[in-house]
Amino acid sequence: MDDNKELVKVEENGSQSWEKSIGNECCYAPAVNIYETADDYMLTADMPGLNKEDVKINIEDGSLVIFGKIKFKEMMDKRYILNESAIGNYYRKFNISDSIDDTRIEAKMENGQLNIRLPKHERVKPKIIEIK
Amino acid sequence: MTLVRFEPLKELEGFNNRMQKLFGDFPAINFDMNLTYHPKIDISEDEKNIFVDAEVPGIAKENLKIVLEDNVLTISGEKKQEEEKKDKNFHRTERAYGSFSRSFTLPVEVDSNKVSAAFENGILKIALEKAAPKTAKEKNIEIK
């Protein structure tokens, strides 16, 4: 009768799992900047209101997925006089080329701004060949 | 006959202008919105307070200024581009930079001594306590 339990399970909002959040609550793509330096690609995404526990970064099948979970219930229940911000989780997926070394990716969260460093593989970096 | 380059976006812009003319205060479909920085702001209330939340990711606390004057709240600041742009090869720039200033007339009187502001995770949170409603003073005027 375990199946029944699942049917009547009361969903406690606010503690929804990441996967459920993607399904049930709306998602918006955060604005990003991407630039390239000699050694890395740098990605900056605006995700205001989140601290680093709320953000998840995944590498799967050659794509980089960023997901940020907001306090959806709390945001929806406010009595708004003016609401300009879109209420939703942050979700965005990028295809990354195989020139990125996905074992050395670093990320940091600062003032609601997510910075990801995607280092290039050694083999794609320009190399100067010395003439003997 | 002159040849004009086909610019589909230009066409849209023209359409937007025509709509603007038609409707005057038609909500602007602003094409250059991304070029100027314009933080998104939420204002909410409960019985006692008014809360103003501004999304200002990537701005340091020192670059923000809040002024409350005559029940008008002004938030201003500047979002600076992280570092020099030179020898950066941009693939995408969706985030806007620049200075901004936004003012709001608050819907109810607030107590200017009971305002607090916090800055966390790129959101500026201002809480303003509503002023106690002025009790209408009854006054009997004597007829002489």
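In strand β9(A), A:Arg117 is the bridge partner of A:Glu106. This pair belongs to the antiparallel pairing of β8(A) with β9(A), residues 113–119 of chain A, which extends over five bridges. Strands here are DSSP runs of type E with at least two residues, numbered from the N terminus, and two strands count as paired if DSSP finds at least two bridges between them. The model is a predicted one, in which local features need pLDDT of at least 70 and side-chain atom pairs count only at pLDDT 80 or more, while totals for chains, interfaces and linings use all residues. Residues are numbered from 1 along each chain as its sequence is written, chains are lettered from A and ligands numbered from 1 in the order in which they are written, and side-chain values use heavy atoms, with hydrogens and water left out.

The term stands for a side-chain nitrogen of Lys or Arg within 4 Å of a carboxyl oxygen of Asp or Glu. Over all chains, the structure holds 17 salt bridges.

Elsewhere in chain A, strands β4 (residues 55–60) and β5 (residues 63–68) run antiparallel and are joined by six bridges, with A:Asn58 standing opposite A:Val65. These strands form a hairpin with two residues between them, and A:Asp61 in the turn has a positive phi of about 45°.

Chain B has an open sheet of three strands in the order β3-β4-β6, again with antiparallel pairing. Its edge strands are β3 (64–69) and β6 (98–105), each pairing on one side only, and the twist averages 10° from one strand to the next. Eight bridges join β4(B), residues 72–79, to β6(B), and B:Lys79 stands opposite B:Gly98.

Where the chains meet, 29 residues of chain A and 35 residues of chain B are in contact, that is, with heavy atoms within 4.5 Å. The buried area is about 2800 Å², with carbon and sulfur atoms giving 47%; this is the accessible area (1.4 Å probe) that the two parts lose on being put together, summed over both. Seven salt bridges are counted between chain A and chain B. In one of them, the side chains of A:Arg79 and B:Glu47 meet at 3.2 Å, N to O. On the side of chain A that touches chain B, β2 (32–36), β3 (40–46), β6 (79–83) and β7 (89–95) each supply at least two residues. Strand pairing crosses the contact as well: four bridges join β6(A) to the antiparallel β1(B), residues 41–45, and A:Arg79 stands opposite B:Glu45.

Note on methods
Axes fitted to C-alpha atoms, helices over the stretch in contact; angles between N-to-C directions.
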